[in-house]
Number of protein chains: 2
Amino acid sequence: MPETRVVLVGPKNEGNIGAVARAMKNFGVSTLVLVDPCPVGDEAYKRAMHGADVLARSRTVGSLDEALRDADLVAGTTGITTKSEKRFRRISVTPRDFAARVAAMDGTLAILFGREDFGLLEEELERCDILVSIPAAERYPVLNISHAAAIVLYEMFEGGETHRPREASGAEKEHLHSAFRELLIATNYPRHLRGRTNIMFRRLIGRAVPSKWEFHTLMGVLTRATKTIRRGKK
Amino acid sequence: MPETRVVLVGPKNEGNIGAVARAMKNFGVSTLVLVDPCPVGDEAYKRAMHGADVLARSRTVGSLDEALRDADLVAGTTGITTKSEKRFRRISVTPRDFAARVAAMDGTLAILFGREDFGLLEEELERCDILVSIPAAERYPVLNISHAAAIVLYEMFEGGETHRPREASGAEKEHLHSAFRELLIATNYPRHLRGRTNIMFRRLIGRAVPSKWEFHTLMGVLTRATKTIRRGKK
């Protein structure tokens with residue numbers, strides 16, 4: 001993972017600055033640089049919530065050059081993209097593609113977010129090594145800057161690891177399937193339908209990816225039903 | 001793509017409501033339902049920007065039940081997830097996983113976002129077929145609700161489509177859940193465990209997204225088991 005620096009260029013709304021600080025805290029990014037921002041006051045801190053420390057440690061600079069000092073890669077975000085190769089200045093990648101590209105990067109990555117109304121200016125875009133554009137509805141593709149930041153940082157964070165509960169093992173799942181087969185037999189399920197019903201159950205469970213706990217619980221329900229039926233029949 | 005309905009449960013900050021409306025507009029989702037919200041005024045419209053029409057057409061209801069009417073799949077978002085299998089109520093999928101699962105869904109999908117401070121209450125979470133949790137920093141995993149909405153809707157927008165058979169409707173799934181409850185009763189399943197076992201089953205089915213055919217088949221197995229048990233007991 002690169003050392004990530006979020007650079008807001010000419011933000012005009014302090015609430016947005018605070019909201020970006022919060023999103024940064026949510027995704028474990030702590031370096032915020034503000035280029036020629038509006039005053040930062042109570043509203044910014046209110047919106048930052050537990051990201052207040054990110055905001056408090058943010059650095060304000062007078063020029064983009066200063067904000068980009070020592071950056072190894074400069075990424076710009078833009079709401080306007082193009083499919084035309086002629087307008088190469090606007091050719092961009094998606095946040096997911098971007099996250100994949102920078103995941104293994106060392107050094108310092110600066111991600112620029114532009115003004116609420118005009119975004120990044122042409123000469124600012126030209127400073128960027130890579131442009132990131134968030135796929136959105138054609139009728140209104142311009143996101144709030146804190147939403148754009150949240151999505152880009154989320155993709156970078158998500159590129160890391162995710163957590164899920166321990167899944168049932170293959171052997172455990174086979175026990176479950178055999179318990180299901182037993183239940184079909186116990187209920188005298190039509191013989192010619194058993195094969196496909198077993199497969200239906202296998203596919204359903206395959207898609208659900210049960211945890212160990214879910215596996216044990218469902219197993220309990222099925223075997224209990226089969227036993228109850230067999231006891232009743234005696 | 002499902003018909004998507006965003007449901008904000010007990011939002012306390014009108015600015016957030018407006019920001020959610022904007023994110024919806026960005027990602028082409030237009031149905032917004034507010035359950036017992038704070039008053040919606042100028043600040044909400046200011047933040048909605050070009051999503052003002054989404055906000056203007058939003059519906060305010062007094063209860064979650066009303067908001068979920070006719071929904072075929074109910075997704076809840078939670079900032080608190082778990083690695084513990086015992087705390088199964090909190091087992092969740094990532095937004096990306098969620099987007100992939102619902103991409104080919106027909107019918108109506110309701111996505112719930114909870115209160116800014118307390119999220120969704122336990123009984124609200126229990127109404128959900130599937131939980132979505134955004135991977136975030138352990139130190140501060142709680143996102144602003146408009147950021148959470150932007151990320152989930154972005155993933156759905158970004159998620160390409162795949163083809164899957166017609167899914168069971170919400171009403172059909174409720175039949176399935178009640179058939180499962182009946183089976184627990186018929187097998188004399190320990191009373192104090194029934195609640196959580198029912199929820200386990202709901203979540204499993206929610207994640208699997210059964211087709212109509214799978215639904216009818218599984219329904220057949222469960223009701224057959226219950227009937228066989230009852231006949232045996234006479």
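Reply: Helices (H or I, at least four residues) and strands (E, at least two) are DSSP runs, numbered from the N terminus. By that scheme, Thr187(A) lies in the loop between helix H8 (170-186) and helix H9 (191-208) of chain A. This is a predicted model, in which local features need pLDDT of at least 70 and side-chain atom pairs count only at pLDDT 80 or more, while totals for chains, interfaces and linings use all residues. Residues are numbered from 1 along each chain as its sequence is written, chains are lettered from A and ligands numbered from 1 in the order in which they are written, and side-chain values use heavy atoms, with hydrogens and water left out.

Me: Why does Thr187(A) count as buried?

Reply: Buried means under 20% relative accessible area, exposed over 50%, and partly exposed in between (1.4 Å probe, protein chains only). Thr187(A) has 4% relative accessibility, and therefore counts as buried.

Me: What does Thr187(A) touch, not counting residues up to four places away in sequence?

Reply: With contact meaning heavy atoms within 4.5 Å, Thr187(A) touches Ile229(A), Arg224(B), Ala225(B) and Thr228(B), once residues up to four places away in sequence are not counted.

Me: Why does Asp72(B) count as buried?

Reply: Asp72(B), placed in the loop between helix H4 (64-68) and strand E4 (73-77) of chain B, has 17% relative accessibility and therefore counts as buried. Leaving aside neighbours within four places in sequence, Asp72(B) is in contact with residues including Met105(B), Asp129(B) and Lys173(B).
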